[in-house]
Amino acid sequence: MRSPNRKASNGLFLMSRYVDQDTLYYTGIRVDGYAVIKKKYKGAYYTMATKQIFAGTYSTAANTSMLPHQKWIGLRTHIVTGK
């Protein structure tokens, strides 16, 4: 389905270490088939890691989601505090 709001960065995300709307971490699976780890610090986003986990080529016109349909997808976040 076409949508003016559809972007490759849409997807399923878990928020972690939420301090406020400008300081947080999140991990997720995007509709373009990539897993991502990002942080937002003082309102600016920083990509910490990305990896393609679902094959295919994303397109807003044809392949609007590389995520599997009618299948369970596991997603978890493991947080370790550095010393």
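The legends below describe close-up views of a predicted model.

Residues are numbered from 1 along each chain as its sequence is written. Local features need pLDDT of at least 70 and side-chain atom pairs count only at pLDDT 80 or more, while totals for chains, interfaces and linings use all residues; side-chain values use heavy atoms, with hydrogens and water left out.

View 1. Helices (H or I, at least four residues) and strands (E, at least two) are DSSP runs, numbered from the N terminus. Along the sequence the pattern reads β-β-β-β. The C-alpha atoms fill a box of roughly 45 × 25 × 20 Å, taken along the principal axes. Of the 83 residues, 22% are buried. Buried means under 20% relative accessible area, exposed over 50%, and partly exposed in between (1.4 Å probe, protein chains only). The accessible surface is about 6600 Å², and 53% of that belongs to carbon and sulfur atoms. Accessible areas come from the Shrake-Rupley method with a 1.4 Å probe; for residues, only the protein chains shown count as cover. Take the contacts between residues at least 6 apart in sequence: 29% of them join residues at least 24 apart. A contact means heavy atoms within 4.5 Å.

**View 2. The strands form an open sheet in the order β1-β2-β3-β4.** The pairing of the 4 strands is antiparallel. The edge strands, β1 and β4, each pair on one side only. From one strand to the next the twist averages 15°. Axes here are lines fitted to C-alpha atoms, for helices over the stretch in contact, and angles run from 0 to 180 degrees between N-to-C directions. Two strands pair if DSSP finds at least two bridges between them. β1 and β2 are joined by 7 bridges, β2 and β3 by 6, and β3 and β4 by 8.

**View 3. Strands β1 and β2 form a hairpin.** There are 2 residues between them. Phenylalanine 13 stands opposite glycine 28 in β2. In β2, 6 of the 8 residues are buried, so the strand is largely enclosed by the rest of the structure.

**View 4. Serine 16 and arginine 17 are two residues of β1.** Serine 16 is buried, at 10% relative accessible area. Leaving out residues up to four places away in sequence, serine 16 touches Leu24, Tyr25, Thr77 and Ile79. Arginine 17 is partly exposed, at 38%. Arginine 17 is not a glycine, yet its phi is positive, about 50°.

**View 5. The hairpin of β2 and β3 has 3 residues between the strands.** Glycine 33 in this hairpin takes a positive phi near 95°. Tyrosine 26 has lysine 38 in β3 as its bridge partner. Aspartate 32 forms a salt bridge with arginine 30, and the closest N and O atoms are 2.6 Å apart. A salt bridge is a side-chain nitrogen of Lys or Arg within 4 Å of a carboxyl oxygen of Asp or Glu. Side chains of opposite charge can pair when their charged atoms come close. Both partners are buried: aspartate 32 at 10% relative accessibility, arginine 30 at 16%. The count comes to 2 salt bridges.

**View 6. Lysine 40 and aspartate 22 meet in a salt bridge.** The N to O distance is 4.0 Å. This pair links distant parts of the chain, 18 residues apart. Lysine 40 sits in strand β3 (residues 34–41), and aspartate 22 in the loop between β1 (11–20) and β2 (23–30). Lysine 40 is buried, at 13%, whereas aspartate 22 is partly exposed, at 32%. In β4, tyrosine 45 is the bridge partner of lysine 40.

**View 7. Lysine 42 lies in the loop between β3 and β4 (44–52).** Lysine 42 is exposed, at 66% relative accessibility. Its phi is near 50°, a positive value in a residue other than glycine.

**View 8. The largest nonpolar core has 6 residues.** They are Ile29, Val31, Phe54, Tyr58, Met66 and Leu67. A nonpolar core is a set of buried Ala, Val, Leu, Ile, Met, Phe, Trp, Tyr and Cys residues joined through side-chain atoms within 4.5 Å. In soluble globular proteins, nonpolar side chains tend to be buried together. Valine 31 touches Tyr58, Met66 and Leu67, among others. Its contacts also include Lys7, Ala8, Asn10 and Gly11, not counting residues up to four places away in sequence.
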